[in-house]
Amino acid sequence: MPTGQLERLGAALAGRYAVERELGHGGMAEVYLADDLKHRRKVAIKVLRPELAAALGADRFSREVRIAAALNHPHILPLHDSGEAGGLLFYVMPFVRGESLRQRLAREGQLPIEEAIAIARQVGGALEHAHARGLIHRDIKPENILLHEGEAMVTDFGIALAPGSETESRLTGTGLALGTPAYMSPEQAAGERTLDARTDVYSLGCVLFEMLAGEPPHAGPTAQAIIFRRVTEPEPLVRRLRPTVPVPIERALVRALARAPEDRFDSAAAFAAALAAPIAGPTRAPSIAVLPFANLSPDPENEYFADGITEDVITQLSKIRSLKVISRSSVMAFRKRDQSPREIGAALDVATLLEGSVRRAGRRVRIVAQLIDVETERHLWGETYDRDLTDIFAIQTDVALQIAAALETELSPDEKRRLRKEPTRDVEAYQLYLLGRQCFHQWTRPGVEQGLRYLEQAVARDPDFALAYAAMGYVYMDAALGVVSGFPPDEAFQRARTVTARALELDPGLAEAHAVLGYLRCACDYDWTGAEIEFKRAIELNPNSGYAHDMYGLMLAAVERYDEAMTMQRRAHELDPMHHRIDVLTTLLRAGRHDEALTGLRRLVEIEPGFALAHLTLGWAQLLSGSPDEGIASLERAVSLSPDNTMYQAQLGEALGQSGRAPEARAVLRRLEELSTSQYVSPYHLAYVLTGLGEHEGALDYLERAWEERAGALFGVKGSFLFRPLRRHPRFQALLRRMNLA
């Protein structure tokens, strides 16, 4: 509502309510925070939009809102007052200090299953109370469910309508319909004038589906697209998106979301009762880890080929949304298979393991694969493939399909199509691609350079090899961000941009390329909205990508959306149990939760005493918790474990400067400046040391140079605890504006 109309409302209600500010608005009404002057309490005033008010009329509105005001239920937000003032129709509710279910879903995506069911049952009870008194809500959605002290409260009964009322006919006749497309029943979307309790049952089913799956049952870019999908597609199955949902809950949802009202529960109470039915216990999601395939080839150099088959089977399985698949980097730790299947399953938190071997001789390849239940060590499936090398992709597809069948995992037509898509028709190009991956996974500069040469040879043989271009983009991005020292970031970013664009031109549905593009958008372009779109698309295409989840988490942390960031990073760690834990702990530090971070980091360095980054981050947790000597010792340990890493050296220099050991800090700065004459040293890292020395103008000079070069991890500068002394400086604020972070 424009400011003038806000003043108009305040003037109209003067003496009764002191209107403070707008709290929000929707398609039907706007809501304002106000003081109830008589009762000395905060209230929320809903003002109907003019077109709805005109269709209702003041007299009819008053009569129908009186019906709603008579509702008395612990999960319905009561109405205090209503009326007409200054030509505006309004009603008054208590101001609830909490959040809406929409805000909770926006932050967390999916809710715990038990909590989602509890909320749905509470809302169902509220609806049953209203239905028994002749009111149909017709706009049940997350925005209209408030969460207060652990309880759900349904709002907006002030514009609910009695079925078949004069007002309902008037609204329908003017083309003005209550409701929100993503949650409307098919009959409501079709404009039927006679609606009953089953329309609210459908809407509540949509809300429960979203709480469990993280998305509504039907989505689309427009209201028309959503409604079309609702009336043409079968009822969606929530367990395809979240396999841990108990089967009885899915059955109840399918019935609540039935297209025909007569196929649904006939009351909200019946739906709520179905959700309360005894459940046999939690259902574990189908999950698998693909152990490194053993190389049985006569030539030991074929190790790269066996590793490549392992990784590509993982990639194929990762396309199945309802299957949890552990990432490559975690399974490679079990190459020697010193542990039993049960021990490996416990370490990776999976129910099944795929193990196998590869034997290659000339143009023939023999692959043996076995699926094992970790609890019983029983073989669930096994197959031997003795084929020509040109059949390698067909073998990988068949393995994925057979595993899906063995684990009773249903595949959508799109998943089947993507599983059958071959990355290249040139087997020689594929072998060069596998060699390239093996080299750059060493994460040394020589290994990365050799790996890129192999990938360039692969795309020279097959210029349409999208996956090879995406792999190049991934390597260039990590080089630009300093994972491998010595690469100028501006050059690496540009190369990443070129090859990623080519990958997406060839295959717009390539998850790996969307993840790299998301990283480019935030780390180089500072286009936070564009980055988020790309990360979400990557996760949609490959729900098992630990890389995409982790990178999305880093982006969210950069814009200080810390709770969402940790949700993504914890999911990345779940998919890649040997990695990503450090990113969650770093985000805790950024969020100021130093004690939690310190506890987790101490545990991490006990588990992985040779993990340099863990010691580095532990050092900062100790420094921020008031233990400078311990902190510097941890930072020195990190440098000793990775002596060539300029970032680690620079952060040690900053800590020394902060702790009053300026001569030692200056010695670190001199070493880095000397090193910069022979190799690339990020100005972002040099800014660390000057910040610690209190030389803020010099530090900002380096940060501005880092912005020009897109150097280091500058995209995370806003909430970084390393640059806390600079935050109020006008030049730092100007830098944030240039990065769209103000």
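Start by selecting residues 41–48 and 88–94: these are strands β3 and β5, which pair in the antiparallel sense over five bridges. Here, strands are DSSP E runs of at least two residues, helices are H or I runs of at least four, and both are numbered from the N terminus; two strands pair if DSSP finds at least two bridges between them. What you're looking at is a predicted model, where local features need pLDDT of at least 70, side-chain atom pairs count only at pLDDT 80 or more, and totals for chains, interfaces and linings use all residues. Residues are numbered from 1 along each chain as its sequence is written, and side-chain values use heavy atoms, with hydrogens and water left out.

Zoom in on Lys46, and you'll find Tyr91 of β5 opposite.

Is β5 mostly covered or uncovered? Covered: seven of its seven residues are buried (under 20% relative accessible area; exposed is over 50%, partly exposed in between; 1.4 Å probe, protein chains only).

Next, pick Leu317, Leu354, Tyr433, Tyr519, Leu703 and Phe723. They touch the most other members of the 159-residue largest nonpolar core (buried Ala, Val, Leu, Ile, Met, Phe, Trp, Tyr and Cys joined through side-chain atoms within 4.5 Å). Helix α20, residues 466–480, supplies the largest share of this core, 12 residues. Apart from it lies another core of 62 residues, including Phe61, Ile117, Met153 and Cys206.

Last stop, Tyr519: beyond four places in sequence, its contacts (heavy atoms within 4.5 Å) include Met477, Asp478, Phe535 and Phe715.
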